[in-house]
Amino acid sequence: MNSSIWEILMLLSFAASWPVSIVKALRTKIVIGKSPIFMSIIIFGYVMGIIHKVVNCPGDAVVWLYVFNMLIVSFDLFLYCIFIGKNKREMGLKK
């Protein structure tokens, strides 16, 4: 394994924090205040991490933490896309 314990702990901490955002969105159906651009940049970062691991550290199992995190953030972005129109209509921001 080429990854360090610090990289693993970083990815695990991110993996633990995104579900909090997802659960809140699913429970309240409110996504106002979330930034789709920010989430897209995070997804891009995970894709770059995956590419780095595949190219430079083949066989490093930590690549699956990058994939898992990317999927979690992608799901949060998906929820944003689902709920934002309704949120804006309810707040009178969109006719």
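A residue is called buried when its relative accessible area is under 20%, exposed when it is over 50%, and partly exposed in between (1.4 Å probe, protein chains only). The model shown is predicted, so local features need pLDDT of at least 70 and side-chain atom pairs count only at pLDDT 80 or more, while totals for chains, interfaces and linings use all residues. Residues are numbered from 1 along each chain as its sequence is written, and side-chain values use heavy atoms, with hydrogens and water left out.

Figure 1. The chain contains 3 helices and 0 strands, where helices (H or I, at least four residues) and strands (E, at least two) are DSSP runs numbered from the N terminus. The radius of gyration of the chain is 16 Å, well over the 12 Å that the globule rule gives for 95 residues, so the chain is more spread out than a compact globule. This radius is taken over C-alpha atoms, and the globule rule is 2.2 Å times the number of residues to the power 0.38. Along its principal axes, the C-alpha trace spans about 50 × 20 × 15 Å. Of the 95 residues, 35% are buried.

Figure 2. Phe 44, Met 48, Ile 51, Val 54 and Val 55 make a nonpolar surface patch of about 480 Å². Patches are made of residues with over 30% relative accessible area and no salt bridge; like charges are joined within 9 Å, and nonpolar side chains (Val, Leu, Ile, Met, Phe, Trp, Tyr) within 5 Å. Accessible areas come from the Shrake-Rupley method with a 1.4 Å probe, and for residues only the protein chains shown count as cover.

**Figure 3. Two aromatic pairs.** A search of the whole structure finds 2 aromatic pairs. Rings of Phe, Tyr and Trp (its six-membered ring) pair if their centres lie within 6.5 Å; planes under 30 degrees apart count as stacked, over 60 as edge-to-face and the rest as tilted. The ring centres of Tyr 46 and Tyr 66 are 6.4 Å apart and their planes stand at 70 degrees, so this pair is edge-to-face. Because Tyr 46 lies in helix H2 and Tyr 66 in helix H3 (residues 63-90), the pair ties together parts that are 20 residues apart in sequence. Both Tyr 46 and Tyr 66 are buried. The rings of Phe 75 and Phe 78 have centres 6.1 Å apart and planes at 25 degrees, so that pair is stacked. Phe 75 and Phe 78 both lie in helix H3, 3 residues apart, about one turn of the helix.

**Figure 4. A salt-bridge network around Lys 53****.** Side chains of opposite charge can pair when their charged atoms come close. In a salt bridge, a side-chain nitrogen of Lys or Arg is within 4 Å of a carboxyl oxygen of Asp or Glu. Lys 53 and Glu 7 meet in a salt bridge (3.0 Å, N to O). Since Lys 53 lies in helix H2 and Glu 7 in helix H1 (residues 5-28), the pair ties together parts that are 46 residues apart in sequence. Lys 53 counts as buried at 3% relative accessibility. The side chains of Asp 60 and Lys 53 also meet in a salt bridge (3.0 Å, N to O). Shared partners join Glu 7, Lys 53 and Asp 60 into one network.
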